[in-house]
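Subject: Structure for your files

Hello,

Here is the structure I promised to pass on. My notes on it follow below.

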Amino acid sequence: MNGEPGPPLEPGAMPLGRPMETIDERLVRAPVRTIFEIARQVENWPAHLSHYRYVRFRERRSDGGGLVEMSAYRPFRIIGKSDGALRLNWPTRWLSEMAVKREEPAVRFRHVGGITKGMDVEWTFTPAPGGTHVRILHLWDGPRVPVIGKWAAMFVIGPVFVHAIASRTLAGLAAVAEHEARKQW
């Protein structure tokens, strides 16, 4: 490409019915446009979220999406030290195709690299009394490992890693949006 962003990616409908499904959702006390704009600007997530290591666009698309490399820590608290706890930040990383749907509004990701290759993610933003209902849906068949791949996705990767990171991400971006909304009112 000659420096111009390419056309938007078209991820299609979410592939429901996969073995791993995680949902993180909450009421964000901010207008839809406020939380949507903050969420879609993924390159700013590390400035808002202490658990994010980096977000880098490898390729940009005209809708604001593109090919994006992301990395976050999954913190663990390990019991057993004399002071009561030791913290371990487990690094994770993935490569995603990202599409921004301003008219819906929604943000879609399809993981195309990393252990979670093949995972589909959808952020939706729905007006609700008092703000915006934000929902993050992760769907995945699991890693391509015979016998244990689906089990690992459903009982380890989904609840222990995906949910833990997504719930922190949503809470952090909600706090930013709610702060912005208070300044506007």
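Val-107 lies in strand E5; strands (E, at least two residues) and helices (H or I, at least four) are DSSP runs, numbered from the N terminus. With a relative accessible area of 2%, Val-107 is buried, where buried means under 20% relative accessible area, exposed over 50% and partly exposed in between (1.4 Å probe, protein chains only). Leaving aside residues up to four places away in sequence, Val-107 touches Phe-36, Arg-40, Met-98, Ala-99, Val-121, Glu-122, Trp-123 and Phe-125; contact means heavy atoms within 4.5 Å. The C-alpha atoms of Val-107 and Val-121 are separated by 8.2 Å, and the two residues are 14 apart along the chain.

Before the rest, the basis: this is a predicted model, in which local features need pLDDT of at least 70 and side-chain atom pairs count only at pLDDT 80 or more, while totals for chains, interfaces and linings use all residues. Residues are numbered from 1 along each chain as its sequence is written, and side-chain values use heavy atoms, with hydrogens and water left out.

The protein chain has 3 helices and 7 strands, and from the N terminus on its elements run β-α-α-β-β-β-β-β-β-α. Its radius of gyration is 17 Å, close to the 16 Å that the globule rule gives for 185 residues, so the chain is as compact as a globular protein of that length. That radius is taken over C-alpha atoms, and the rule is 2.2 Å times the number of residues to the power 0.38. The C-alpha trace spans about 45 × 40 × 35 Å along its principal axes. Of the 185 residues, 47% are buried. Among contacts between residues at least 6 apart in sequence, 59% join residues at least 24 apart.

Glu-122 is buried yet has no salt bridge, and the nearest side chain of opposite charge, Arg-108, is 4.7 Å away. A salt bridge here is a side-chain nitrogen of Lys or Arg within 4 Å of a carboxyl oxygen of Asp or Glu; Lys and Arg count as positive, Asp and Glu as negative, and His and the chain ends are not counted. The contacts of Glu-122 beyond four places in sequence include Met-14, Arg-135 and Ile-136.

Asp-24, in strand E1 (residues 20–28), is also buried without a salt bridge, and its nearest side chain of opposite charge, Arg-26, is 9.1 Å away. What joins the side chains of Asp-24 and His-163? A polar contact of 2.5 Å does, the term being a pair of N or O atoms within 3.5 Å; within protein, one must be able to donate a hydrogen and the other to accept it, and residues adjacent in sequence count only if both atoms are side-chain atoms. Arg-135 and Ile-136 are among the residues that Asp-24 touches.

Finally, the backbone. Most residues other than glycine have a negative phi, and most peptide bonds are trans. The bond from Glu-104 to Pro-105 is cis, with omega near -20 degrees, and Pro-105 is found in the loop between strands E4 (86–101) and E5 (106–113). Val-147, not a glycine, has a positive phi of about 75 degrees. Val-147 is found in the loop between strand E7 (131–140) and helix H3 (149–184), and at 83% relative accessibility it counts as exposed.

Regards
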